[in-house]
Amino acid sequence: IGTLTYHWVDADRREVFSADPNDRRELIVQIWYPATANPSTPRAPYVQDAEALAPALARLKHLPEFTFAHLKYVRTNAITSAAVADDMPSYPVLIFLEGANGFRQMNTFQVEELVSHGYIVAAIDQPYTAASVVFPDGRRATGLSLDQMRPLIHQSYSQTEKAPILNGQAFENGIVPYLAQDITFTLNQLAALNQLDPNGILTGRLDLHRAGTFGVSLGGIVGGEACRLEPRLRACLLMDARMPTDVVKAGLQQPTMWITRDAKTMQLEGWPQMEIDEHQGTMRAAFESLRGDGYFVQVPGMFHVNLTDIPYWSPLWSWLGVTGPIDGQRAHSIINAYSLAFFDRHLKDQPGALLN
């Protein structure tokens, strides 16, 4: 696996999370791709900006700062700036969307599996909804707390008469439509990258005619909206996420898979009944209105964190019951198997017995 990271500025779009009307929307996008094997080359770090991310995560999760200090020592299977593998002239492209207060590498278990089977994955760090985003010049965009974000997110699937306000602007449809524009911008940037990669590595290697997206939690909500708006996305994998009102009303044209768990498991995890009803109801409604192929995968005993790398972070999570009744490794195996089968069928036209 090879990896590269890019900083892109959308000059046409204001940064609504900033009080300065002149600030433009900026993204950090990390790309993983199939690479030529080189066992002797050092592996890339799990998190590039761990010194900024670890304290931000601790603050947002109300945990001691040392809780995430070890992340800076973790290495992955990726090699920075490795040569692209020559198995195929170009590879299908997937865009990964992180959860609220997350970070672009939070589903490395899933990213590495997909890349190892011939996909290019571009993960977007969305400033101010991510825990912390560090720009090349050293500036940091610190994430809003969940309490600050919740009204902005909820408005996208459970509207109130009084729209939430951020920096003097009312968001009648919540913040999700704005975040979904990051995907359209990223697709445009990836097309430009495919024409000419300044690193001289990915030029001509991205098959954007076979593009899809996958996201977890807030990333799944944003992914649903992006799939409604963006016909270039040909396959959508939405994990444990409510669906925005417009997605439920209008439906999705693309093949779509939901990976989630049953209501009983959510109750066991301590979710309020209203949130369980919203969660299950909006996903099921969007699934049942699909115009094409759809898959609704429920994994009993799987907690929300099992859809991320968190089970790997510490053996304490399992002992403390954070990862639920299902083993973390078992959950990851199920998620990876269904993710791969779904994208292989709808982006590579390969049969997948798991989906029959």
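Rings of Phe, Tyr and Trp (its six-membered ring) pair if their centres lie within 6.5 Å; planes under 30 degrees apart count as stacked, over 60 as edge-to-face and the rest as tilted. This is a predicted model, where local features need pLDDT of at least 70 and side-chain atom pairs need 80 or more, while totals for chains, interfaces and linings use all residues. Residues are numbered from 1 along each chain as its sequence is written, and side-chain values use heavy atoms, without hydrogens and water.

**View 1. An aromatic cluster.** Phe96, Tyr119, Phe214, Tyr295, Phe342 and Phe343 form one aromatic cluster. The structure holds 14 aromatic pairs.

**View 2. The pair Tyr295 and Phe342.** The ring centres of Tyr295 and Phe342 are 5.9 Å apart and the planes stand at 75°, so the pair is edge-to-face. Tyr295 lies in strand 13 and Phe342 in helix 11, 47 residues apart. Helices (H or I, at least four residues) and strands (E, at least two) are DSSP runs, numbered from the N terminus. Phe342 is buried, at 0% relative accessible area. Buried means under 20% relative accessible area, exposed over 50%, partly exposed in between (1.4 Å probe, protein chains only).

**View 3. Helix 2 against helix 11.** Helix 2 (residues 108-116) packs on helix 11 (residues 328-347) at about 40°, with the axes 10 Å apart. Axes are lines fitted to C-alpha atoms, for helices over the stretch in contact, and angles run from 0 to 180 degrees between N-to-C directions. The two helices are therefore oblique to each other: angles under 35 degrees count as roughly parallel, over 145 as roughly antiparallel, 65 to 115 as roughly perpendicular and the rest as oblique.
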